[in-house]
Amino acid sequence: MSDPPAEDDAPGADPNRTQVAILAAYAELIDELGTDDVPFRLIARRAGVGERTIFRNYATRIDLLVATAAWIEQTIFVREDSPSVFDMPLAIREAMETYDQKPELAHVVAETTMRGVRGAAPSPRREYLDEMLRREVPTLDDVDRRAIVAALSHIDSAATWVVLHREFGMNRRDIADAAAWAAEAVLDPIRERVG
């Protein structure tokens with residue numbers, strides 16, 4: 001059976017719009033069905049494109065999964081920038097609560113990163129944290145700054161939420177408390193060094 005004609009298959013169609021429609025449809029279906037093993041025909045139907053359009057944009061399921069995980073992080077789990085690195089515990093607490101509201105999507109983001117899937121961004125906020133530390137605590141040397149960025153990047157991630165939820169059986173409030181406490185413990189030693 002051939003693909004139905006799709007508007008986005010037409011010459012001159014906006015590839016970004018098509019990709020966003022595919023990624024949004026896949027994310028919705030993961031959220032609804034509770035698995036990332038969604039048939040391509042369902043994704044195509046939800047996105048309003050033909051199955052071949054999906055393969056033209058994402059050659060493999062892994063390519064589609066990585067792109068969807070990045071899209072989820074950038075659109076569903078988006079965060080406001082914190083005015084200070086010392087506000088990160090509060091931001092991390094809010095992030096953990098957001099992951100808890102969309103657990104299937106949090107699992108996709110975390111597992112894509114933890115599996116080391118090619119193309120996955122393990123620490124999307126690394127540069128942002130590094131820049132804040134350079135500005136607010138200029139006396140930190142490179143080794144200390146890198147260690148703090150690594151720790152905060154790890155804490156501020158869907159992977160942390162998954163580990164605390166799945167492996168420790170923690171609930172929403174306990175996860176938020178534990179992650180915020182860990183971020184405070186990382187930042188406390190440098191509070192007196194603010195420049």
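1. Let's start with helix α2, residues 40-47, where the buried positions are Phe 40, Ile 43, Ala 44 and Ala 47. Buried here means under 20% relative accessible area, with exposed set at over 50% and partly exposed in between (1.4 Å probe, protein chains only). Looking down the axis of α2, these buried residues fall within an arc of 100 degrees, so they line one face of the helix. The arc is taken over the directions from the helix axis to the C-beta atoms. As background, an α-helix has 3.6 residues a turn, so residues three or four places apart point the same way. Just after α2, Gly 48 has a positive phi of about 75 degrees.

2. A word on provenance: this is a predicted model, in which local features need pLDDT of at least 70 and side-chain atom pairs count only at pLDDT 80 or more, while totals for chains, interfaces and linings use all residues. Residues are numbered from 1 along each chain as its sequence is written, and side-chain values use heavy atoms, with hydrogens and water left out.

3. Staying with α2 for a moment, Leu 42 also sits in this helix, but Leu 42 is partly exposed, at a relative accessible area of 24%. Leu 42 touches Leu 29 and Leu 33, not counting residues up to four places away in sequence; contact means heavy atoms within 4.5 Å. Tyr 26 is 16 residues from Leu 42 along the chain, and their C-alpha atoms are separated by 8.5 Å.

4. On the overall make-up, the chain has ten helices and zero strands. Both kinds of element are DSSP runs numbered from the N terminus: helices are H or I with at least four residues, strands are E with at least two. Buried residues account for 42% of the 195 residues in the chain. Of the contacts between residues at least 6 apart in sequence, 73% join residues at least 24 apart.

5. Now the helix pairs. The axes of α5 (residues 88-101) and α10 (residues 172-187) come within 8 Å and cross at roughly 155 degrees. That makes α5 roughly antiparallel to α10. For the geometry, axes are lines fitted to C-alpha atoms, for helices over the stretch in contact, and angles run from 0 to 180 degrees between N-to-C directions. The orientation labels are: under 35 degrees roughly parallel, over 145 roughly antiparallel, 65 to 115 roughly perpendicular, and the rest oblique. The crossing of α5 and α10 is right-handed; handedness is left if the near helix is turned anticlockwise from the far one by less than a right angle, and right if clockwise.

6. What does the α5 contact with α10 consist of? On the α5 side, the residues include Met 88, Ile 92, Met 96 and Gln 101, and on the α10 side they include Ile 175, Ala 179, Ala 183 and Leu 187. By class, the residues of this contact divide into ten nonpolar, one polar and six charged. Ala, Val, Leu, Ile, Met, Phe, Trp, Tyr, Cys and Pro count as nonpolar, Asp, Glu, Lys and Arg as charged, and the others, Gly among them, as polar.

7. Helices α7 (residues 126-136) and α8 (residues 142-155) pack at about 135 degrees with axes 9 Å apart, and they are therefore oblique to each other. From α7 the contact takes Arg 126, Leu 129, Asp 130, Leu 133 and Arg 134; from α8 it takes Arg 145, Ile 148, Val 149, Leu 152 and Ser 153. Five of these contact residues are nonpolar, one is polar and four are charged. The crossing of α7 past α8 is right-handed.

8. Buried or partly exposed: which is Leu 129? Leu 129 is buried, with a relative accessible area of 0%. Beyond its neighbours within four places in sequence, Leu 129 contacts Met 88, Val 149, Leu 152 and Ser 153.

9. Helices α4 (residues 61-75) and α6 (residues 103-114) have axes 9 Å apart at an angle of about 120 degrees, and are therefore oblique. The crossing of α4 past α6 is left-handed. Leu 65, Val 66, Ala 69, Ile 72 and Glu 73 of α4 meet Leu 105, Val 108, Val 109 and Thr 112 of α6; this contact has seven nonpolar, one polar and one charged residues.

10. Last, the loop between α4 and α5 holds Phe 86, which counts as buried at 14% relative accessibility. Leaving aside neighbours within four places, the contacts of Phe 86 are Glu 136, Val 137, Leu 187, Ile 190, Arg 191 and Val 194.
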